[in-house]
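Dear colleague,

Please find the structure below, handed over for your use.

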Amino acid sequence: MLEHPGWDVEQLASSMDCSELEVHRALDALADLQLLAPRAGTAGITPVSPDVGLTALLSQNERELEVRRRLHDEAQAAVQRLQNRFGRHEDYAPDSGSQLIGEEALHARWDELVEAMSTECLSFLPEDPRPAGTAAAGAALEVAALERGVAIRTLHQECVRNDGAASQRIGMLVDAGEEVRTVPSLPHLLIIIDREFALVPIEPEDPRQGALELHSPGVIAALRGLFEHVWKEALPWDEEDQGDGRGLSRRERELLHLLASGWTDQAISRSLGLSVRTVRRDVSGLMGRLGARSRFEAGALAVRAGWL
């Protein structure tokens, strides 16, 4: 592309004896590294000068390494302070929370809290924290809580609407008085009970490791603020996504944002709770509507068309 700035995808593929699909994938990879830029006044793309693009890439890597070094130093200093202060107090347990190690501990504590809650339960549920075999029993505990007058509000990912068993269970809870809404993606599991307890995953990328049970009023107030912010933008369970003025559904808008941010199909799949095959099908559909020949071009055209 540097040697022949005017060449199109067909010419590039021919010169390198590869398929046009491979060229498009290579263009996406270069765009992720910010080594391509939109060509002014056209829908095309042009390579960034190596002395600018590659230097910027190296500088970015150096900044990231510096941040990691600083975070490591800060963490090491924090560990040393804790060791100096509490290293000899083996029975010390902070009042702010405790760890629930593993799925079984999380499931058991979740059921205990649902059975005991008295006023309110707010949840982000990217996935149901209970095993599939006990989901019905957990739903029965929630119905009992609703009958006690507990206000339950739950946010699910929109993909749950296509899960027959889960959709049926949620419909039953809605009929019993639970408020349910959906959003395209949720950051991680979050459960807040009676404004006194909160459960968050120890490792957001792997909820199977267990959860932290938090009690700090300040932390819980901040988590409630996050919940309310997402709740306001979510779609009620009994409503259908009508799309925006451009005919884009909420999921398609979220997918476009992730696409424009350089996310891979696998990362988008995890974020939206969809199969990779579904993501690729939706991406292909959006590229077709935009008339884009690559993912990078789709992001640029979506911005130009006012879709993002």
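In this predicted model, residues 24 or more positions apart account for 66% of the contacts (heavy atoms within 4.5 Å) in the protein with a separation of 6 or more. Residues are numbered from 1 along each chain as its sequence is written. Local features need pLDDT of at least 70, side-chain atom pairs count only at pLDDT 80 or more, and totals for chains, interfaces and linings use all residues, while side-chain values use heavy atoms, with hydrogens and water left out.

Confidence. The average pLDDT (the predictor's confidence in each residue, from 0 to 100) is 80 for the protein, and 88% of the residues score at least 70. Over residues 88-95 the pLDDT is below 50, and this stretch has two contacts in the model beyond near neighbours in sequence. Where pLDDT is low, the predicted coordinates should not be read in detail.

Overall make-up. The protein has 11 helices and 10 strands; these are DSSP runs (helices H or I, at least four residues; strands E, at least two), numbered from the N terminus. Of its 308 residues, 37% count as buried, where buried means under 20% relative accessible area, exposed over 50%, and partly exposed in between (1.4 Å probe, protein chains only).

Cores. A nonpolar core is a set of buried Ala, Val, Leu, Ile, Met, Phe, Trp, Tyr and Cys residues joined through side-chain atoms within 4.5 Å. The largest one has 18 residues, and L256, I268, L290 and W307 have the most contacts inside it. Helices α8, α9, α10 and α11 each supply at least two residues of this core, with the largest share, five residues, coming from α10. Another core, of 17 residues, lies apart from it and includes V114, A145, L146 and I152.

Helix α8. This helix spans residues 250-260, and its buried residues are R250, L255, L256, L258 and L259. Just after α8, G262 takes a positive phi of about 85°.

Residue Q266. This residue lies in helix α9 and counts as partly exposed because its relative accessibility is 38%. Leaving aside neighbours within four places in sequence, Q266 is in contact with V276 and R280. From Q266 to R277 the distance is 9.6 Å, C-alpha to C-alpha, with the two residues 11 apart in sequence.

Yours sincerely
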